[in-house]
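Subject: A structure for you to explore

Hi there,

Here is the structure I promised to pass on. Have a look around it first, and then read my notes alongside.

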Amino acid sequence: MTKRNVRDLTEQEARGKRALVRADFNIPLDDNREITDDTRIRAALPTIELLHKLGARIVLLSHLGRPKGKPDLRYSLLPVANRLAELTGRKVCFVESTDTDEALQATRALEDGEMLLLENTRFLGGEETNDPRLARALAELGDFFVNDAFGAAHRAHASTAGVAEHLRPAVAGLLMQTELDYLGGALDEPERPFVAILGGSKISGKIDVIEKLLPKVDALLIGGAMACTFYRAMGLETGKSLVEEDRVAMAKDLLARAGTRITLPHDATVARSIEDAKSAHDVPREGIPRDEAMFDIGPRSAASFARAIASARTVIWNGPMGVSETPPFDAGTLAVALAMAHATKGGATTIVGGGDSAAACAKAGLDKRMSHVSTGGGASLEFLEGKPLPGVEALDAAR
Ligand code: ADP
Ligand code: MG
């Protein structure tokens, strides 16, 4: 169902009011608590700027990392408050206290045009259990609710879903809306040919996506270690490759049903171990040595995947084609990313979902050349599986 978004708010609903904004500032930090990638903070800026323009007073909420329901300085949002001030050129008040009464005082002291960031929602005991008492207390912190945290929308937590039960209007932010438009558009009305590429380590984590996409796509290209479970189902030798023995039967069944719509790599880059890059060589899929493992799709497959992508009008990609963290096993992943970048230029809609695939695109400097790179790995996967996202379900229906 289409949801109301922040663009649909009237002046009257927003001006001088406290906008409680759930953002996704779950960014990576190094050991000195320096931000190593601020993509998610930048992604929240359009919503923040729009709310400023509407004259709202902005109260930001987010989680960061996995503190266990109590304050843990390693996961403080203070570095985010500082970066947000740099990026917006505006003052950002930071409320260190996790006492919701103190937070309430701070939101009441906000003036027009000001913004504040509250400390990590996962410092609060009831966040992950979606405690209704916490949800009600959070709802007190705003006059209306904006959920822009797509990356956390698949979790029914107090700050994502619970709070919306007590606070209206409850609307989607611009980032949330963009994510839903791209992912939903691909599922519901893809321009054809529609090609999906799936990879990563485990077929078990992607089985629901395969099932959901299979009837919709023109071609489903499979790489990553996942391909090896299919190889086993085909009766091929897979050597020391990562195979999920308990999913072989399922892979066999999928192949029987998919006909020619599933494409598996015809060749593989194999090696004795990931560390032993010098032993890497390419073999046809029938020739995987017993004492070696497949760590990437081979060059012939990379070229044929690239051709399939070049002929598509809609491309959706989740999961690297190989051990993309470790060259030379990143070649297949880079070939897919590059083919998608070219396809974008040719007018195709290209969408990347999945944390490791997005990281590979960014590392290759190709992220800006995709139509859309999702900010939510787990959330995009659940969306593609056709599961309702609690953080989205909780919002107002579009009028
Ligand atoms: P994403 O985060 O994009 O959804 P996944 O988390 O499902 O992707 O999978 C990424 C992981 O899969 C990476 O750590 C990568 O090293 C691993 N991987 C991919 N191909 C292989 C392979 N052939 N053998 C072992 N690991 C692999
Ligand atoms: Mg991952």
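This is a predicted model: local features need pLDDT of at least 70, side-chain atom pairs count only at pLDDT 80 or more; totals for chains, interfaces and linings use all residues.

The surroundings of ligand 1

Which residues come nearest to ligand 1? Among the 17 residues around it, they are Lys206, Met294, Glu325, Asp356 and Ser357. The side chain of Lys206 also has an N or O atom 2.9 Å from an oxygen atom of the ligand. Asn318 places a side-chain N or O atom 3.4 Å from an oxygen atom of ligand 1, while Ser201 uses a backbone N or O atom, at 3.2 Å from a ligand oxygen. On its own, ligand 1 has 580 Å² of accessible area, and the protein covers 81% of that.

Two elements give two or more residues each to this shell: strand S12 (293-297) and helix H13 (355-363). Helix H13 contributes the most, with three residues. If you sort the shell by residue type, you get nine polar, five nonpolar and three charged residues.

A buried charge

Next, find Asp267, which sits in strand S10 (residues 267-271). Asp267 is buried but has no salt bridge. Its nearest side chain of opposite charge is that of Arg300, 4.9 Å away, and a salt bridge needs the nitrogen and oxygen to be within 4 Å. The side chain of Asp267 does make a polar contact of 2.4 Å with the side chain of Ser301.

Salt bridges

How many salt bridges are there? The count comes to 24.

- Arg15 and Glu11 meet at 2.7 Å, N to O. Arg15 is partly exposed, because its relative accessibility is 44%, and Glu11 is partly exposed with a relative accessible area of 44%.
- Asp246 pairs with Arg247, their closest N and O atoms being 3.9 Å apart. Asp246 has 61% relative accessibility and so counts as exposed, whereas Arg247 is partly exposed at 22%.
- Glu385 pairs with Lys387, with 2.7 Å between the closest N and O atoms. Is Glu385 buried or exposed? With a relative accessible area of 14%, Glu385 is buried, whereas Lys387, at 36%, is partly exposed.

Enjoy exploring, and write back with any questions!

Best wishes

Conventions. Residues are numbered from 1 along each chain as its sequence is written. Chains are lettered from A and ligands numbered from 1 in the order in which they are written. Side-chain values use heavy atoms; hydrogens and water are left out. A residue is near a molecule or strand if one of its heavy atoms lies within 4 Å of it. A polar contact is a pair of N or O atoms within 3.5 Å; within protein, one must be able to donate a hydrogen and the other to accept it, and residues adjacent in sequence count only if both atoms are side-chain atoms. Accessible areas come from the Shrake-Rupley method with a 1.4 Å probe; for residues, only the protein chains shown count as cover. Helices (H or I, at least four residues) and strands (E, at least two) are DSSP runs, numbered from the N terminus. Ala, Val, Leu, Ile, Met, Phe, Trp, Tyr, Cys and Pro count as nonpolar, Asp, Glu, Lys and Arg as charged, and the others, Gly among them, as polar. Buried means under 20% relative accessible area, exposed over 50%, partly exposed in between (1.4 Å probe, protein chains only). Lys and Arg count as positive and Asp and Glu as negative; His and the chain ends are not counted.
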